[in-house]
Amino acid sequence: MTLRFAVIGNPVAHSRSPQIHAAFGAQTGLAVDYTRLEAPLDAFLATARQFFADGGSGLSVTVPFKAEALAMAGSATLRAQLAGAANTLALRDGELLADNTDGIGLLRDLTENLGITLGGRRILLLGAGGASRGVIAPLLAEQPEALFIANRNGDRAAALAAHFADARVDGGGFEEIEGSWDLLINATSAGLSDSDLPLVPECFADDALAYEMVYGHETPFMTLARSLGARTVDGLGMLVEQAAEQFYLWRGVRPETAPVIAAVR
Ligand code: ATR
């Protein structure tokens, strides 16, 4: 029997996840039925419940439903609890398990695919929503020197920083960013609307890496970073890595990511 999976979100039409999971299936020889599922903004719960009632085995969850996905599950992994959001739902012995593979996906892309060392580095994380929150604990585990969360709404960033209660972590508005940073990660959704972020050139260290979580198009953050001489990367590698971790959770097999990243790009 072919197990059924889907990515649930709104909007979800442009998601590359079906292509990625199909590639994992072909590579591992496991049959994959993976589709897109657009849930009405006010009906995530009913849509997800129906999917599982109809025999679905797992969901990838994307914007804006990650918090609701965590709330609906009977149990959650520690990393999903720490993130306060789930990007993965899996049916286990008749009960829904929530997981979050975004953080490990970002980490694998940075350290394994891009060869970046995070220990001792200064990380500037832009945004204080779900995408940002999900990657903070995995980043801190790599022992950076400092992590500053900057957000349009500075209070929201300060509250998120306080939540982690770690001397290396602070947060505030963009105007509160001090000094230069080795790794700048854009976890805001500004790239989706092509909005500029109020970043001064001094934020970028000489050999800075600018990581944009959005994938598929050049965002103003990437354009700015490149104009200042920074190396820029989009979120496609993170997308494939988080998907590989989902595939492992669902199927017990970890696919090779490099050929899939190359194929999707
Ligand atoms: P997600 O789960 O994608 O993080 P979210 O929780 O809605 O979604 O958070 C969106 C993030 O993008 C927030 O940090 C938001 O800033 P505010 O908290 O100040 O709203 C940020 N964001 C969205 N549009 C932005 C823009 N045009 N400029 C700067 N930040 C923006």
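Predicted model: local features only at pLDDT ≥ 70, side-chain atom pairs only at ≥ 80, totals over all residues.
The domain assignment divides the protein into domain 1, comprising 3-100 + 238-264, and domain 2, comprising 103-234. Taken over C-alpha atoms, the centres of the two domains are separated by 25 Å. The contact between them involves 16 residues of domain 1 and 16 residues of domain 2. The size of an interface is often given as the accessible area lost when the parts come together. For domain 1 and domain 2 this buried area is about 1,300 Å², with 57% of it on carbon and sulfur atoms. On the domain 1 side, 45% of the area buried against domain 2 is supplied by Leu82, Met238 and Glu241, more than by any other three residues.

A pair of aromatic rings is described by the distance of the centres and the angle of the planes. In this model the count comes to six aromatic pairs. One of them is formed by Phe24 and Phe247, with 5.5 Å from centre to centre and 70° between the planes, an edge-to-face arrangement. This pair links distant parts of the chain, as Phe24 belongs to helix 1 (residues 17-28) and Phe247 to helix 9 (residues 236-251), 223 residues apart. Phe24 has a relative accessibility of 0% and therefore counts as buried. Phe247 has a relative accessible area of 1%, so Phe247 is buried too.

A further pair is made by Tyr34 and Trp250, whose ring centres lie 6.3 Å apart. The planes of these two rings stand at 50°, and the pair is therefore tilted. Tyr34 and Trp250 are both buried. Ring pairs also bring in Phe5, giving a cluster of Phe5, Tyr34 and Trp250.

Two arginine side chains are placed over aromatic rings. The charged end of Arg122 sits over the ring of Trp181, at 4.0 Å from the ring centre. In the case of Arg254, the charged end sits over the ring of Tyr248, and the distance to the ring centre is 4.1 Å.

Ser132 is located in helix 6 (residues 130-140). The relative accessible area of Ser132 is 0%, so this residue is buried. A polar atom of the Ser132 side chain lies 2.7 Å from the backbone oxygen of Gly127. When residues up to four places away in sequence are not counted, Ser132 touches Gly127 as well as Leu125, Ile149, Leu160 and Ala187.

Gln143 lies in the loop between helix 6 and strand 8 (146-150). Apart from neighbours within four places in sequence, the contacts of Gln143 are with Leu118, Gly119, Gly120 and Arg168.

Methods: Residues numbered from 1 in each chain as written. Heavy atoms only, no water. Phe/Tyr/Trp six-rings, centres within 6.5 Å; stacked < 30°, edge-to-face > 60°. Helix = DSSP H or I, 4+ residues; strand = E, 2+ residues; numbered from the N terminus. Buried < 20%, exposed > 50% of the residue type's maximum accessible area, 1.4 Å probe, protein only. Lys NZ or Arg CZ within 6 Å of the ring centre and 35° of its normal. Polar contact = N/O pair within 3.5 Å; in protein donor to acceptor, adjacent residues only side chain to side chain. Contact = heavy atoms within 4.5 Å. Domains from an automatic or database assignment. Buried area = accessible area lost by both parts, 1.4 Å probe.
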